[in-house]
Amino acid sequence: MDPNASHLRETRDIAVPAEDEAPLAAHWTKMRRLRSQVDESRLADAEIAVTWAPTGGQHA
Amino acid sequence: MLELAAQSIDELSRRIGSREVSPVEVTEAVLNNIGRYDDTLKAYIDVYRDHALDDARAAEAEIASGGYRGPLHGIPMGIKDNIYFADRVTTMGSKIHSEFVAGANATVVDRLADAGVVFLGKLNMHEYALGGTTDNPFYGTCRNPWDLDKSPGGSSGGSGAALASNLTIAALGTDTSGSIRIPAAFCGIMGLKPTYGRVSRFGCFPEAWTLDHIGPMTRTVRDAAIVLDAISGHDARDPGSLPQPPTTTASALRDTLEGVTIGIVEDFFFHDVDDEVARCVWEGVEELRRQGATIRPLCIPGLVDVEWALTMIDTSETSTVHHANLRDRPQDYGDDVRLLLECGELPSAVDYLEAQQIRRRLRREVHNSFDTVDVLVGPTLPIRTPRIGAVEGSINGRSVDALENLIRLVGPASLLGLPCLSLPCGLADDGLPVSMQIIGPALGEQKVLDVGHVLELSEPLGLTRASAYRR
C-alpha cells in the first residue's frame with residue numbers, strides 16, 4: 001500500500017487536513033512514476049556519502 | 001553616472017577607498033530607496049536603519065584614519081532572513097520563529113563584518129526557504145521590480161527584488177533546490193550557488209542538510225566574486241565545510257574565453273523550454289563563441305533521474321528538520337509549506353538511500369563530462385516569469401506546473417553540489433529578463449565566474465533595468 005494521509009496519521013502522528021489529501025496522493029503518484037523510470041542497475045552501489053575532496057575527486 | 005544606490009561594489013569601492021564618496025552617503029541613498037519603494041516591493045522583513053547608519057559612520061571614520069579594509073568596506077548589504085545575527089530576531093520568514101534570537105552570528109555575517117560591510121537588514125524569503133515565490137503569508141508578498149504583478153521567485157526573493165530595485169548594493173541568499181538562482185533569473189541579477197561546503201552554513205537555519213548553500217546575489221559578476229572571496233573558506237563549526245582557503249576569484253577574472261570549452265546538454269537543458277527563453281540563451285551561447293569559447297554538445301543520460309533523487313533527498317531532510325513542529329503545530333505553517341512537509345514524511349529509508357545512490361552515480365557521470373568541457377551552460381529556468389499567486393507557469397502559452405518547472409533545470413547543480421552562476425543573457429518579448437546558468441566542476445567557481453564575466457561584458461540587457469517599481 002502506498003504511504004498516504006492515513007499512513008502519516010497512524011505511523012507519524014501527523015494530522016493531515018482534508019484539503020491536503022488529494023495533492024499528497026498526487027505527489028506520491030508522481031514520485032512512483034519517476035521512480036519506475038529509474039534504471040535499477042544505477043542503484044548497485046555500496047556507498048551513499050557524497051562529499052568533495054580538495055582536488056575535486058570524491059571523498060567518502 | 002548611475003545613482004549611488006545603483007552602483008556596483010566594484011565602482012563604489014574605488015570611490016569609497018579614495019574618499020570621493022562616504023559610506024554614509026551610499027547607505028543613506030539605499031535607505032532612501034527602501035523608504036520609497038519597499039512598502040510596495042516587500043523585499044525586507046526588517047530594516048536596521050539606525051544600526052546601518054552607525055555602521056556607515058564607523059566605516060567612514062575608519063577609512064578617514066587610513067584603515068581601509070578592502071572592497072566591501074562601507075558597502076551596504078542585505079542578508080536573507082534565515083542567516084543569523086546574534087541578539088537580533090531571525091524569522092526564517094515564519095510565524096513559528098517570529099521571535100527567534102540566535103546567540104551567535106552566522107560565520108558569513110562575521111566574515112562580512114570583518115570586511116567592513118554595513119548591514120541594512122533582513123531580506124524577505126519564502127517561509128523556511130520552502131518555496132519558489134516569496135509570497136509570504138506572514139511578512140508580505142514580495143513583488144518583482146520588473147513587473148509588480150509578477151513573482152520575484154524564491155526562496156531568496158527579497159534578495160533578488162532588492163538588488164533589481166537598488167534597495168541594496170549586494171545581498172546574501174541561500175540555495176537548496178534553486179533558491180538563489182530562481183530569483184536571480186526572474187529579477188535579472190547575478191546569483192551564485194558555490195560548491196557545496198565552499199561557504200560555511202554555520203548560523204543558517206537548515207532547509208536540507210546535504211543540499212544547503214549560502215551564496216552571493218549581486219548586480220555584477222565581479223561583485224559576486226568579491227563577496228564569494230569574503231565569505232568562503234573552511235569553518236570548523238560547519239561539519240560539511242571543505243578544507244579549503246577562501247577563494248581569490250575577483251582579482252583573476254578573465255576577459256576572453258580562448259581555450260575554454262562550453263558543454264551544451266541540449267536534450268536535458270533545452271527540453272520543453274519556452275521559445276523566448278531558449279532564443280535568449282542561444283544568443284548568449286553565440287556571444288560566448290564569439291569571445292573565443294568552443295561549444296561542444298554533450299549527453300549525460302543520468303540527468304533524467306535528478307528530479308526523483310532531488311525530491312526524495314530534499315523533502316526527507318526538510319521534513320526531518322520540521323517533524324516535531326509539523327506534528328505539534330501544523331496550523332502555524334503556511335498552507336503550501338505544510339503540504340510540502342507532509343510530502344517529505346512519505347518516503348521510506350529505502351527511497352532516501354536509493355536517491356543517494358543515484359546522486360553518487362550521477363556525480364561520477366557529470367564529473368567525467370568535465371574531462372572534455374570546462375563548464376556546462378543552459379537556461380536557468382524553462383518558463384516565463386509567473387504572475388504572483390499563480391500555481392502554473394507558461395511555456396509557449398501552455399500552462400505547466402510552476403514549482404516543478406522552477407526546479408527542473410536547476411536540479412542537477414543542486415543535487416551534485418556543483419558551483420552554478422545564474423546571470424541575465426537577454427530580454428524576452430515581454431521585456432522581462434531571461435537568464436542562463438553556468439555550471440562548473442566542483443571547486444570550479446573561477447571558471448564559472450570567468451564565463452559569466454565575459455558574457456556580462458557584452459551587456460545582454462543593454463541599458464534596460466527594472467523600472468515598474470518606480471511608478
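The residues that line the largest pocket divide into 22 nonpolar, 15 polar and 11 charged, where Ala, Val, Leu, Ile, Met, Phe, Trp, Tyr, Cys and Pro count as nonpolar, Asp, Glu, Lys and Arg as charged, and the others, Gly among them, as polar. This is a predicted model, in which local features need pLDDT of at least 70, side-chain atom pairs count only at pLDDT 80 or more, and totals for chains, interfaces and linings use all residues. Residues are numbered from 1 along each chain as its sequence is written, chains are lettered from A and ligands numbered from 1 in the order in which they are written, and side-chain values use heavy atoms, with hydrogens and water left out.

The largest pocket holds about 1,300 Å³ of space. Of its 48 lining residues, Leu340(B), Asp401(B), Leu403(B), Glu404(B) and Ile407(B) are the closest to the centre. A pocket here is an open set of points on a 1 Å grid over the protein atoms alone, where a 1.4 Å probe fits, with protein on both sides within 12 Å along at least five of seven lines; lining residues have an atom within 4 Å of a point. The volume is the space filled by probe spheres set on the points, which are joined across faces, edges and corners. At least two lining residues each come from α2 (18–36) of chain A and from α10 (306–328), α11 (335–344), β13 (398–401) and α13 (402–407) of chain B. The largest share, six residues, belongs to α10(B). Helices (H or I, at least four residues) and strands (E, at least two) are DSSP runs, numbered from the N terminus.

The second largest pocket has a volume of about 920 Å³. Its lining numbers 31 residues, with Leu2(B), Arg219(B), Thr220(B), Glu456(B) and Arg465(B) nearest the centre. In chain B, α1 (9–17), α5 (157–164) and α15 (445–457) each provide at least two lining residues, and α15(B) gives the largest share, three. This lining divides into 15 nonpolar, seven polar and nine charged residues.

Buried means under 20% relative accessible area, exposed over 50%, and partly exposed in between (1.4 Å probe, protein chains only).

Helix α4 (residues 107–114) of chain B has Thr107(B), Val108(B), Val109(B), Arg111(B) and Leu112(B) as its buried residues. These pack against β2 (76–80), β3 (118–123), β6 (170–175), β8 (213–218) and α7 of chain B. After α4(B) comes Gly116(B), with a positive phi near 95 degrees.

Thr248(B) sits in the loop between α7 (221–231) and β9 (261–264) of chain B. Thr248(B) is exposed, with a relative accessible area of 57%. Beyond its neighbours within four places in sequence, Thr248(B) is in contact with Asp229(B) and Gln446(B), contact meaning heavy atoms within 4.5 Å.

Chain A has two helices and two strands, in the order α-α-β-β from the N terminus. Of its 60 residues, 35% count as buried.
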